Amino acid sequence: MVMSSSVRWFAVAVVAGTLSARASSLLGEYHLIVSGELTRVSEVEGRAVINNLAYANSFNVGVNYKSDPGQITFAIQGDIAAGNPLQLNAGSLHVPIGAEQKGNQVTLPGGRMLNLNGGGNLLTDAKFDYDSVFKGIETESAAYAALSANSKLSLPSGQPGPAVFNVDKGLGAGQAAVFSLSAAEADALLNSSLVQQIDLNLNGTSPSAVLINVAGSAISYISGGNFVGSFVSTSATGKVLWNFTDATSIAMDKSFYGSVLAPNATLSAKAGALEGSVAVRNLSADVEVHAPLFSGTLPTVAVVPESSTWAAGAAVLALLGWLRFRRA
């Protein structure tokens, strides 16, 4: 018995459905993602997705960002605190319910105002899946944390000097450089008086991304050295992703280079700037969130299917076995 084309297609569809891959990181789409509460920020150079906005002061979103007026550049799902008018400088605003637009001004739920300075509009009917964004950063972080390291960090010992992320010389074309830092290594890197500079040595390679997985629940960057070299190059900075999967608190008092993925953390930043995309649970930042977006390419994220999907897949595999038996 020969398998029909419809059965063959169904089998492929179900088996393929057991794996889901994200073609690109959410940090390549949004400059700021806050799944919990935004309590403070100075400016966002690009797109922002916020759950709850608790900050009463005015701030700008979409600064130095070019966008089609119809693109959702600022999305707010939950509570919005009363306060000074917000400024959206490019694209459109999405608020699910309770907002009204008159001219280039939007009255947000609770009465707060937002000025549409870039020609965009208030969008309420457009489908915007907040859950896929907020849960998506958790999925990404967990998957990236499971990747095996292929490159190493060199820390100064005894004498002050530079800390260098050394990309392995044998890295293949289009391969991502992956570093894994223990909590102790992270502390030695970011809070040691021995570290005068933090540099990235590409070793003649062109990695698709530079992923730095960092262990530890409490992270601070207070007294460590400044970022230099490739870390502060715009083209290289866009490919760097710091993944703080275990972190629940992150404190920074200096400019930090590379995108930050910390879906369970409250990030506090008091000086410098955040040079790259940021995805966190809560944010309190007296600093600006700067470009570039994350532009690196990392291995796809495999998602364990739901039980119903497994059941469907198992049924198809059983069917295939029966068909092979009949054909024999």
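Predicted model: local features only at pLDDT ≥ 70, side-chain atom pairs only at ≥ 80, totals over all residues.

Student: What is phi of N203 near?
Tutor: Phi is near 55° there, a positive value in a residue other than glycine.

Student: How exposed is N203?
Tutor: N203 is partly exposed, with a relative accessible area of 26%.

Student: Which other residue has a positive phi although it is not a glycine?
Tutor: N64, with a phi of about 55°. N64 belongs to the loop between β4 (60–61) and β5 (72–76).

Student: Is N64 buried or exposed?
Tutor: Exposed, because its relative accessibility is 69%.

Student: While we're on the backbone, which peptide bond is cis?
Tutor: The one from A291 to P292, with omega near 10°. P292 is in the loop between β25 (288–290) and α5 (307–327).
Most peptide bonds are trans.

Student: Back to β15. Which strands form the open sheet with it?
Tutor: The order is β12-β13-β15-β18, and the pairing is mixed. At the edges are β12 (152–154) and β18 (226–227), each pairing on one side only.

Student: In which sense do β13 and β15 pair, parallel or antiparallel?
Tutor: Parallel, over six bridges. Strand β13 covers residues 161–166 and strand β15 covers residues 195–201. N166 stands opposite N201 in β15.

Student: Which helix packs on that sheet?
Tutor: Helix α3, residues 183–190. Helix α3 touches β12, β13 and β15, and its direction makes about 115° with that of β15.

Student: Which residues in α3 are buried?
Tutor: A186, L189 and L190 are buried in α3. They cover an arc of only 80° around the axis, so they lie on the same side of α3.

Student: New topic: rings. How many aromatic pairs does the structure hold?
Tutor: The structure holds 18 aromatic pairs. Take Y221 and F227: their ring centres are 5.7 Å apart and their planes are at 75°, so the pair is edge-to-face. Both Y221 and F227 are buried.

Student: What about F227 and W242?
Tutor: The ring centres of F227 and W242 are 6.1 Å apart with the planes at 90°, so that pair is edge-to-face. F227 lies in strand β18 and W242 in strand β19 (residues 240–243), so the pair ties together parts that are 15 residues apart in sequence.

Student: How buried are F227 and W242?
Tutor: F227 has a relative accessible area of 7%. W242 is at 0% relative accessibility.

Student: Which residues do ring pairs link into a cluster?
Tutor: F165, F179, Y221, F227, F231, W242, F244, F256 and Y257.

Student: Last one. Where is S92 found?
Tutor: S92 is in strand β7 (residues 92–94). S92 counts as buried because its relative accessibility is 1%.

Student: Which backbone nitrogen lies 2.9 Å from a polar atom of its side chain?
Tutor: The backbone nitrogen of N121. Leaving aside neighbours within four places in sequence, S92 has several contacts, including P69, F74, G120 and L123.

Key. Residues numbered from 1 in each chain as written. Heavy atoms only, no water. Pairing = 2+ DSSP bridges. Helix = DSSP H or I, 4+ residues; strand = E, 2+ residues; numbered from the N terminus. Contact = heavy atoms within 4.5 Å. Axes fitted to C-alpha atoms, helices over the stretch in contact; angles between N-to-C directions. Buried < 20%, exposed > 50% of the residue type's maximum accessible area, 1.4 Å probe, protein only. Phe/Tyr/Trp six-rings, centres within 6.5 Å; stacked < 30°, edge-to-face > 60°. Arc of directions from axis to C-beta. Polar contact = N/O pair within 3.5 Å; in protein donor to acceptor, adjacent residues only side chain to side chain.
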